[in-house]
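Hello,

Here is the structure I promised to pass on to you.

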Amino acid sequence: MTRIGIFGLGLIGHALASRLAGAGYELRGFDPDSERCAGLAALGGTGCAASQVWEAEVVFSCVFDTDQLAELIAAAPDGKGVLVSMSTCDPERMQALSDAAATRGITLIEAPISGTSRALSKGEVLLLVAGDRAEAERLSPILDRLSRQHLHVGAIGNGNRAKLAINLVLGLNRAALAEGMVFAEAMGLAAEDFLSMARASAAQSAVMESKGRLMVERDFEPQGRIVQSAKDFTLIRDGAAAMGQGLPFTETYLAMMRDAIARGEGDLDNSAILLPIARASTG
């Protein structure tokens, strides 16, 4: 499997392409944004029509959400192949999408990432793989190149169930760090000093390593956008509500992200959750 197709050349799609181009794979991709296609060409890949992407032996979907994945499958040509979805999608819709893909001779595999686009470009993410185990094992050489570890977590749908639960913890960790930093600054501590102390404390977390410096410097060049986190947390909130489970911290985090999006900050890195927290007042 040397020819790889990619749908969606945003942060994740570009990082995926960068990683695979370095391993010598032949890449072809489609994105409605011509600048993103040019970015693929700069890596040695080829921007092309959607029909040509499907000619690859393995196709990766890095589209924004479940609806776009559904549209992609609905427009797919008949033929034998495998489609690997790296997007965070609604787990309750994945079996139906897998069935729809199967009618076209396509095996759908889930492989959402745990990590940032920058970590993906370095092969440092975790992939939560679900679906046909034999097909997933056949993809192992590619998945090995993309990740530090890939775990097969069971039937289709489980990849996104695991991803959403992990994202809940990760997102709230980001919010906790941002709120702690805002509080420290309000008391007169320098943000950089607070981050150093927090790293040395019992509160230390991986989020401090990946997002702490961005918060200190207010450098919100996106590795994972607020609008993407808001999409994921809406899935989390709605999925929990369907089961009768309340998630109070999730609701608060969503409210902060909606504030950021309303102020035009949705395309900033998700560490910019610090901004709406800093704007909060007791008045």
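**The cysteines**

Cys37 is buried, its relative accessible area being 16% (buried means under 20% relative accessible area, exposed over 50%, partly exposed in between, with a 1.4 Å probe and protein chains only). Cys48 also counts as buried, at 13% relative accessibility. The structure as a whole holds zero disulfides (a disulfide is a pair of cysteine sulfur atoms within 2.5 Å).

Before you read on, please keep in mind that this is a predicted model, in which local features need pLDDT of at least 70 and side-chain atom pairs count only at pLDDT 80 or more, while totals for chains, interfaces and linings use all residues. Residues are numbered from 1 along each chain as its sequence is written, and side-chain values use heavy atoms, with hydrogens and water left out.

**The sheet**

Six strands make up an open, parallel sheet, in the order E3-E2-E1-E4-E5-E6. Helices (H or I, at least four residues) and strands (E, at least two) are DSSP runs, numbered from the N terminus, and two strands pair if DSSP finds at least two bridges between them. At the edges sit strand E3 (46–47) and strand E6 (106–110), each of which pairs on one side only. E3 is joined in the parallel sense to strand E2 (residues 26–30) by two bridges, and Thr46 in E3 is the bridge partner of Arg28.

Helix H4 (residues 66–74) packs on this sheet, touching strand E1 (3–7), strand E4 (58–61), strand E5 (81–85) and E6. Its direction makes about 170 degrees with that of E5 (axes are lines fitted to C-alpha atoms, for helices over the stretch in contact, and angles run from 0 to 180 degrees between N-to-C directions).

Are the faces of E4 covered or open? Both are covered: Val58 and Phe60 on one side, and Val59 and Ser61 on the other, are all buried.

**The cores**

Phe60 turns up again in the largest nonpolar core, which has 30 residues; Leu16, Phe60 and Ile142 have the most contacts inside it. A nonpolar core here is a set of buried Ala, Val, Leu, Ile, Met, Phe, Trp, Tyr and Cys residues joined through side-chain atoms within 4.5 Å. Among the elements that each supply at least two residues of this core are E1, helix H2 (34–42), E4, E5 and helix H8 (140–146). The largest share, four residues, comes from H1.

Leaving out residues up to four places away in sequence, Phe60 touches residues including Ile4, Phe7, Leu16, Leu83, Met86 and Ile142 (contact means heavy atoms within 4.5 Å). There is also a second, separate core of 29 residues, which includes Ala175, Met215, Ala230 and Ile273.

**The salt bridges**

How many salt bridges does a search of the whole structure find? It finds 19 (a salt bridge is a side-chain nitrogen of Lys or Arg within 4 Å of a carboxyl oxygen of Asp or Glu).

One of them joins Arg93 and Asp67, at 2.8 Å from N to O. Arg93 lies in the loop between E5 and helix H5 (94–102) and Asp67 in helix H4, so the pair ties together parts 26 residues apart in sequence. Arg93 is partly exposed at 31%, and Asp67 is partly exposed at 42%.

Another salt bridge joins Arg161 and Glu92, at 3.4 Å from N to O. Arg161 lies in helix H9 (residues 158–186) and Glu92 in the loop between E5 and H5, so this pair ties together parts 69 residues apart in sequence. Arg161 is partly exposed at 36%, whereas Glu92 is exposed at 59%.

Finally, Asp259, Arg263, Glu265 and Arg279 are linked in a network of salt bridges.

Best wishes
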